[in-house]
Structure formats: structure tokens, C-alpha cells
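Here is a quick tour for anyone meeting this structure for the first time. Take a look, then read on.

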Amino acid sequence: MAAGGARKALATAAEARKALGEGLDKLFDYMVALAELSELAIRKAAASLETLDAEMADDVFTIDNEVYALQVEIESTCGDLLALHAPVARDLRLITTSLKITTDLDRIGRYAKDIAEIALQLRGTGFGAFARLPGLPQMVELTVNMVDTATEAFVRRDAQSVKDMQVVDDAVDRLHEDTFTALVAYMENGTLTIDVGTRYLLVSRYLERIADHAVNIGERVVYMVTGERIPRVRAADRAKKEAPGGKGP
């Protein structure tokens with residue numbers, strides 16, 4: 001009887017482990033799909049801003065709806081995994097990290113939607129301004145690459161590739177300041193109307209925030225893979241450390 005009970009307990013444990021594994025695989029697949037959608041959204045939003053293409057902007061709105069639906073599915077899956085299986089260690093880190101990254105990806109998608117909406121508002125009034133703001137195209141390139149790096153790190157479970165993302169984020173912040181200064185000057189001298197200039201200021205801010213969310217994703221990937229958290233360091237302190245002879249704080 002004791003041996004039979006032990007075998008039954010082992011079988012039950014094996015079934016539970018199998019169910020957890022299948023649930024984690026499902027969650028991971030959902031997360032990969034969400035990452036791909038969010039990355040696509042920001043790429044299309046950036047393209048719509050550069051070309052003021054209405055069809056491209058409409059694509060972003062469609063993707064945003066898909067992102068929201070997938071986010072709901074992921075949250076439900078995570079809730080089921082936590083409630084039914086009481087995961088620990090690495091499995092628990094995957095679930096909790098997925099919940100947090102889902103929020104970051106959703107925000108990236110929302111900012112992409114906001115940029116696409118501005119692209120539509122600029123049609124007929126803001127054509128050509130994008131090219132006159134060298135900081136903005138650079139911000140787009142860096143931000144898209146950051147999102148790509150962060151999402152790819154999650155898919156590959158690669159903590160090493162995202163450990164220095166804060167440094168890239170510093171570059172985005174500097175470009176944001178440069179773009180702000182240039183836009184204010186253009187509005188003051190009449191090169192851009194207040195309406196157009198203000199909309200581009202919003203775009204710059206949205207890109208800066210997308211970069212911040214990419215950094216968040218990178219930090220969460222490091223925690224998911226290693227169980228360690230990257231310490232937050234102020235940009236000014238990083239700059240001191242990187243300066244010749246600098247030793248940091």
C-alpha cells in the first residue's frame with residue numbers, strides 16, 4: 001500500500017510538472033509574439049512619422065489593438081500559473097518578469113500609437129521638418145535598436161547583451177535635449193509653427209520614454225536569467241566614471 005501510494009504521488013507530481021512546463025511554454029510563446037508586435041509598432045510609427053503615410057499610421061492602430069488583446073491573455077496565463085502551480089525559483093522569475101515586461105511592451109505600443117496619431121496630424125503641415133531635425137532621426141534609430149535588443153534578449157534569455165543599455169539610453173536623452181533646443185529655436189524664428197513644433201516635441205518625448213521602457217525590459221531580462229538586479233546609476237555619475245581619470249561616485 002505504501003509503495004502504491006508513493007508511485008501515485010510521483011505520478012501526480014510528474015503530471016503537475018508537465019502541466020507547469022506546458023503553461024510556461026505557452027506563456028513564453030505569448031511573450032515572444034507580444035515583443036514582436038511591439039517592435040513592429042514602433043518601426044511602423046517611426047516610418048509613418050518620416051513619410052507622413054496615413055496607411056502606415058493606421059497599421060499601428062491595428063497593432064495596438066492586437067497588443068492589448070495579447071496582454072490580457074498573458075496576464076490571465078500568469079495568474080493561472082501562479083494560482084495552480086505555486087512555481088519557485090527560475091520558473092517564478094519567468095512569470096513575474098513576464099508580467100512586468102508586458103506592461104513595458106504595452107507602453108511602448110501606446111507611445112507608438114501616439115506617434116502615429118501625430119504623423120496623421122502633421123499631414124499637410126509638417127512635411128520636411130523631420131529631416132531638418134537631425135537629432136530626431138537618430139533618436140528613432142537608437143530607440144528602435146534598443147527595443148530590438150531588449151526583446152531579442154528576452155527571446156534568447158541573453159542577459160549579457162542588455163547590461164549596458166543605460167549607456168545607450170544616455171545617448172537618447174542627450175538627443176532629446178538637442179531636439180528640444182532645435183525645435184524651440186525653429187519655433188522662435190518662424191521656421192516651424194508653434195503647432196508643428198509642439199507636436200515634434202511630443203514625439204521626442206515619446207521616443208525618450210520608449211527608450212526608458214527598453215532599459216526596463218533589459219533590466220528585467222537580467223533578473224529573469226541571473227536572479228540579480230542591475231543597480232540604478234544616475235547618468236551624471238556614469239558620465240563622471242567614463243570621463244578620463246574618472247572613478248565615479
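Let's settle one word before anything else: a residue is buried when its relative accessible area is under 20%, exposed when over 50%, and partly exposed in between, using a 1.4 Å probe on protein chains only. By that rule, 42% of the 249 residues in the protein chain are buried. Keep in mind that this is a predicted model, in which local features need pLDDT of at least 70 and side-chain atom pairs count only at pLDDT 80 or more, while totals for chains, interfaces and linings use all residues. Residues are numbered from 1 along each chain as its sequence is written, and side-chain values use heavy atoms, with hydrogens and water left out.

**The overall layout**

The protein chain has seven helices and zero strands, so reading from the N terminus you simply get α-α-α-α-α-α-α. Helices here are DSSP runs of H or I with at least four residues, strands are runs of E with at least two, and both are numbered from the N terminus. Contact means heavy atoms within 4.5 Å. Among contacts with a separation of 6 or more, 81% link residues 24 or more positions apart.

**Two helices side by side**

Now for α5 (residues 165–189) and α6 (residues 194–226), which pack at an angle of about 175° with their axes 10 Å apart. The axes are lines fitted to C-alpha atoms over the stretch in contact, and angles run from 0 to 180 degrees between N-to-C directions. Sorted by class, the contact of α5 with α6 has 12 nonpolar, seven polar and six charged residues.

The expected span of a helix is 1.5 Å times one less than its number of residues. Here is how the pair compares with that:

| Helix | Residues | Expected span | End-to-end C-alpha distance |
|---|---|---|---|
| α5 | 25 residues | 36 Å | 36 Å |

The buried residues of α5 include Met165, Gln166, Asp169 and His176.

**The nonpolar core**

A nonpolar core is a set of buried Ala, Val, Leu, Ile, Met, Phe, Trp, Tyr and Cys residues joined through side-chain atoms within 4.5 Å. The largest one has 69 residues, and Phe154 is one of those that touch the most other members, along with Leu27, Leu105, Ile115, Leu136, Tyr200 and Leu207. The elements giving two or more residues to this core are α1 (2–51), α2 (54–85), α3 (89–122), α4 (135–156), α5 and α6. Beyond its neighbours within four places in sequence, phenylalanine 154 is in contact with Phe28, Met31, Leu94, Ser98, Ile101, Val221 and Met224.

**A few residues up close**

Is glutamate 219 buried or exposed? At 13% relative accessibility, glutamate 219 counts as buried. Glutamate 219 sits in α6 and, leaving aside neighbours within four places in sequence, is in contact with Gln166, Ile230 and Arg232.

Over in α2 you'll find aspartate 64, buried at 7% relative accessibility. Not counting residues up to four places away in sequence, aspartate 64 touches Gly109, Arg110 and Lys113. Asparagine 65, also in α2, counts as exposed at 54%. Asparagine 65 and arginine 110 are 45 residues apart in sequence and 9.8 Å apart in space, C-alpha to C-alpha.

Conventions
Nonpolar A, V, L, I, M, F, W, Y, C, P; charged D, E, K, R; others polar.
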